[in-house]
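Here are my notes on this model, point by point. Please keep the structure open while reading.

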Amino acid sequence: MKRYLSVVMIVARTTIYPMIGLLLLMSMVDVAVFQWMLQRMVAGGGICSLEVLIQQSKIEWIWAATFVILCAFLEAAETEGQDSKSRYTMRRLSVDEKVISLLWCGYNVICFVICFALQIVTVLLLCDMYASTVDPVFWNEQTTFLAFYRDQFLHSLLPLDEISLWIRNIALMWMAGACIANISSDRPMRSVAYHAGIYLIVIGFPQYIGRTGANVFMTVFAVVCFVAIVFWGKQYED
């Protein structure tokens, strides 16, 4: 068990600080842009719903850019580590290469979970800013709840009681984690395929409520890709 924890610590050491800085920057940009849009709305004398204001603040775009940059950080660490002293240390721990890949994949998933969690907390902070600024007649206890149902990005971020979307999100995170953990600098075609998978996640992530068929399809696609990458991919490198 200590060997596996040592591998995870080696991986985390190269990415933890850039990730923290990136995610804090994402939250600060979210708050700054939303505050600016909120003040413009108040100054103009108009009023719009919470979800519309979040859409106008481009929170979804900021998250998408953050997710892609985070993947780039994780990919850079994995690519650099393939022939580095860190990789040598991992091998000295007598951990199988496939296990190292799975551990790296799991660490990537933890990073994605932190990214999702911080984005949810930030959105809830934006909701509180909205509630403290607009006239109480435009706000009630259900406003935040309804925003997470009406807006496809917010609903995908926090699916509430839609189980198929929760499962889809988990599957997509493991697929992205596996893609990054198995990117190889000396196999460009495979790297292109893995990058395409990551970008498809960003493009297909927002889903409206009730899209069970689409959620099931993306879940199956992600699971098949994960199995192919982790359990079949390595044998073609040997």
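1. Start with the surface patch. In this predicted model, Tyr-17, Ile-20, Leu-24, Leu-25, Met-28 and Val-29 make up a nonpolar surface patch. Together these residues have about 610 Å² of accessible area. One of them, Leu-24, belongs to helix 1, which covers residues 2-43. Leu-24 has a relative accessible area of 47%.

2. Next, the overall fold. The protein has ten helices and zero strands. Read from the N terminus, the element order is α-α-α-α-α-α-α-α-α-α. Of the 238 residues, 47% are buried. Take the contacts with a separation of 6 or more: 80% of them join residues 24 or more positions apart. The protein exposes about 12300 Å², and carbon and sulfur atoms supply 68% of that area.

3. Now the aromatic rings. How many aromatic pairs are there? The count is nine. In one of them, the ring centres of Trp-63 and Phe-116 are 5.7 Å apart, with the planes at 90 degrees. Angles over 60 degrees count as edge-to-face, so this pair gets that label. Trp-63 sits in helix 3 (residues 59-81) and Phe-116 in helix 5 (residues 97-133). The pair therefore ties together parts 53 residues apart in sequence. Trp-63 and Phe-116 are both buried.

4. Trp-63 also pairs with Phe-153. Here the centre-to-centre distance is 5.7 Å and the planes are 55 degrees apart, which makes the pair tilted. Phe-153 lies in helix 7 (residues 152-157) and Trp-63 in helix 3, so this pair links parts 90 residues apart in sequence. Phe-153 is buried, as is Trp-63. Ring pairs join Trp-63, Phe-67, Phe-112, Phe-116, Phe-153 and Phe-205 into a cluster.

5. Two charge-over-ring placements deserve a look. The charged end of Arg-40 is over the ring of Trp-36, 5.1 Å from the ring centre. Lys-58 lies over the face of Trp-61, and its distance from the ring centre is 4.7 Å.

6. On to charge pairing. Side chains of opposite charge can pair when their charged atoms come close. The structure holds one salt bridge. It joins Glu-51 and Arg-150, with the closest N and O atoms 3.2 Å apart. Which helices hold the two partners? Glu-51 is in helix 2 (residues 50-56) and Arg-150 in helix 6 (residues 143-150). The bridge therefore ties together parts 99 residues apart in sequence. Is Glu-51 buried or exposed? Its relative accessible area is 9%, so Glu-51 is buried, the limit being under 20%.

7. Leaving aside residues up to four places away in sequence, Thr-122 touches Ser-27, Asp-30 and Val-31. Val-121 also lies in helix 5. Val-121 has a relative accessible area of 52%; the cut-off is over 50%, so Val-121 is exposed. Val-121 and Ser-27 are 94 residues apart in sequence, yet their C-alpha atoms are 9.0 Å apart in space.

Notes
Residues are numbered from 1 along each chain as its sequence is written. This is a predicted model: local features need pLDDT of at least 70, side-chain atom pairs count only at pLDDT 80 or more; totals for chains, interfaces and linings use all residues. Side-chain values use heavy atoms; hydrogens and water are left out. Patches are made of residues with over 30% relative accessible area and no salt bridge: like charges are joined within 9 Å, nonpolar side chains (Val, Leu, Ile, Met, Phe, Trp, Tyr) within 5 Å. Accessible areas come from the Shrake-Rupley method with a 1.4 Å probe; for residues, only the protein chains shown count as cover. A salt bridge is a side-chain nitrogen of Lys or Arg within 4 Å of a carboxyl oxygen of Asp or Glu. Helices (H or I, at least four residues) and strands (E, at least two) are DSSP runs, numbered from the N terminus. Buried means under 20% relative accessible area, exposed over 50%, partly exposed in between (1.4 Å probe, protein chains only). Rings of Phe, Tyr and Trp (its six-membered ring) pair if their centres lie within 6.5 Å; planes under 30 degrees apart count as stacked, over 60 as edge-to-face and the rest as tilted. A charge sits over a ring if NZ of Lys or CZ of Arg is within 6 Å of the ring centre and within 35 degrees of the ring normal. Contact means heavy atoms within 4.5 Å.
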